[in-house]
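Please look through the structure below before reading the notes.

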Amino acid sequence: MTVTSAAPSPASVASLGLAGTEHSVPGAPVADTDWVAFRSTVRAGRLTGVLLAAVDAGAFPVTDDQRAGLVQDHLAAMSGALVLERMLLEVADAFDDRAIELRAIKGTAVAHLDYPAPEQRAYGDVDVLVRSEQIDDATRALADLGLTRAFQPPRPGWDARYGKGAMFRATDGSEVDLHRTFATPPMGLRIRLDDLWTSSQPLELGGRVVLALDRELRLLNACYSAAVADTEPALATLRDIAQLALHDDLDSTRVTELAYRWGGRAVLASAVRSTWTRLRIGDVTALSAWAERYRPSEVEVRELALYQQVRASETARALATAAMLPTLGSRAAYLWSLARPDAAFSRASRRTPWQRATRAARDLRRARRSP
Amino acid sequence: MTAARGCGGEVFQRADAVLTRRVGSSMLLLVRGNAELVEVSGAGVALWDSLAQPRSGADCVRLLARSYGVDEDTVRHDIDPVLGDLVERGALRRQDVTR
């Protein structure tokens with residue numbers, strides 16, 4: 001009789017090879033009846049690299065057929081990563097020609113700088129950070145490379161003042177995300193953007209050096225992605241946080257100080273706590289101990305809920321953003337841009353100004369009813 | 001004359017503009033400026049590893065034969081087409097050092 005195991009949870013896979021994790025691994029290969037769904041979950045979660053590394057280290061038992069399927073999935077993921085890296089180099093060259101400063105962020109940067117081997121981190125797009133004052137130039141440079149912007153901004157100048165960034169697509173389907181900050185408003189507006197450019201870490205790709213954010217900034221970037229970009233943080237992002245937070249050379253004091261300067265301590269604490277809980281990390285570090293102790297204020301809890309609750313509305317976030325703008329005039333200009341956007345934005349969002357207004361009113365009624 | 005036997009002063013080296021990933025026993029190579037992804041396996045991966053520093057084809061053969069306990073003719077037979085292919089695709093550069 002063949003001995004098999006039930007499929008482990010995706011979080012357990014995300015923690016494979018991580019020092020200090022208390023997740024257990026199966027003692028025998030996953031039953032073939034469960035393998036198909038398990039393999040699909042691993043692929044979708046971009047976790048083929050950590051799983052294959054564990055398999056090849058003898059830390060995760062699989063059958064020969066299961067390993068062959070996993071290798072196929074990982075070959076596809078890594079082929080995609082190489083195509084994206086080539087795109088990053090094209091973008092870096094184009095930006096250099098126009099004297100646009102760039103930092104590689106997220107997938108490419110953490111794959112090369114924070115994992116034992118870049119093969120352990122799959123990713124699905126190219127993410128670059130540029131200075132606010134250069135985002136319009138960067139947008140034009142990407143258009144000249146043949147990339148098409150996915151969504152138009154509500155008004156000219158929006159990207160540099162309020163936006164998190166913009167998404168572009170190449171004809172081969174590759175996606176380039178251009179960022180100027182780590183989060184959408186209101187949180188993104190409080191991040192002191194000059195802090196993102198004070199230092200960097202070089203990353204060598206195909207014989208060319210591209211600058212990435214330094215380690216502490218990469219960790220904060222991952223924390224904002226986990227805590228406020230999605231309602232449910234991606235396991236690959238939590239693994240990034242673990243890789244960064246458990247690094248011996250991390251300056252955790254600098255991390256918490258930057259989070260304080262940006263009004264982002266609740267974001268940092270939430271993301272680190274989620275990582276430690278979901279990946280079941282037993283080791284206690286200065287940062288994990290701080291995150292465990294940190295008690296967010298009521299205002300911080302409400303603000304995090306704007307991002308983390310499934311039913312959080314665009315209108316509530318817009319009002320919270322307007323409230324933090326310095327003058328009545330700037331608040332009015334911000335809300336007016338959203339209420340009366342340019343025609344291209346309205347067409348893309350498929351809503352007329354009237355529909356936007358009625359939606360806002362409905363969102364507000366819903367927000368008032370919520371506890 | 002085969003690439004691996006090579007001329008006396010000919011060395012092979014990895015091109016700068018190559019992006020790589022190792023997956024299982026295979027290796028993926030993507031040369032900037034070349035649309036095609038190349039997957040090498042077996043002797044091709046061993047050859048790529050041996051070219052962490054520039055070497056002549058004959059040096060590669062000797063090194064791999066010693067490392068894997070295989071006779072040099074067998075190694076030459078296995079790596080010769082790979083050397084030529086990788087040069088053609090721009091992943092390796094062939095340099096004549098006698099000039």
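Predicted model: local features only at pLDDT ≥ 70, side-chain atom pairs only at ≥ 80, totals over all residues.

Residues are numbered from 1 along each chain as its sequence is written, chains are lettered from A and ligands numbered from 1 in the order in which they are written, and side-chain values use heavy atoms, with hydrogens and water left out.

**Aromatic pairs**

- Over all chains, a search of the whole structure finds six aromatic pairs (rings of Phe, Tyr and Trp, its six-membered ring, with centres within 6.5 Å; planes under 30 degrees apart are stacked, over 60 edge-to-face, the rest tilted).
- One of them is the stacked pair of Phe38(A) and Phe60(A), with 6.1 Å centre to centre and 0° between the planes.
- Phe38(A) belongs to helix α2 (residues 32–44) and Phe60(A) to the loop between α3 (48–56) and α4 (64–97) of chain A, so this pair ties together parts that are 22 residues apart in sequence. Helices (H or I, at least four residues) and strands (E, at least two) are DSSP runs, numbered from the N terminus.
- Both Phe38(A) and Phe60(A) are buried (under 20% relative accessible area; exposed is over 50%, partly exposed in between, with a 1.4 Å probe and protein chains only).
- Trp35(A), Phe38(A) and Phe60(A) form one aromatic cluster.
- Phe182(A) and Tyr224(A) make a tilted pair, 6.1 Å centre to centre with 55° between the planes.
- Phe182(A) sits in the loop between β5 (175–179) and α8 (187–190) and Tyr224(A) in helix α9 (residues 215–229) of chain A, so the pair ties together parts that are 42 residues apart in sequence.
- Phe182(A) is buried at a relative accessible area of 3%, and Tyr224(A) is buried at 1%.

**Helix α11 of chain A**

- In α11 (residues 252–261), the buried residues include Ser252(A), Val255(A) and Leu258(A).
- The buried residues of α11(A) fall within an arc of 160° seen down the axis, so they line one face of the helix; the arc is that of the directions from the helix axis to the C-beta atoms.
- Just after α11(A), Gly263(A) has a positive phi of about 65°.

**Cavity**

- The largest cavity has a volume of about 30 Å³ (on a 1 Å grid over the protein atoms alone, a set of points where a 1.4 Å probe fits but cannot get out; lining residues have an atom within 4 Å of a point). Grid points are joined across faces, edges and corners, and the volume is the space filled by probe spheres set on the points.
- Its lining includes Arg46(A), Tyr115(A) and Arg239(A).

Technical notes
1 Å grid on protein atoms, 1.4 Å probe; cavity = no way out; pocket = protein on both sides within 12 Å on 5 of 7 lines; lining within 4 Å.
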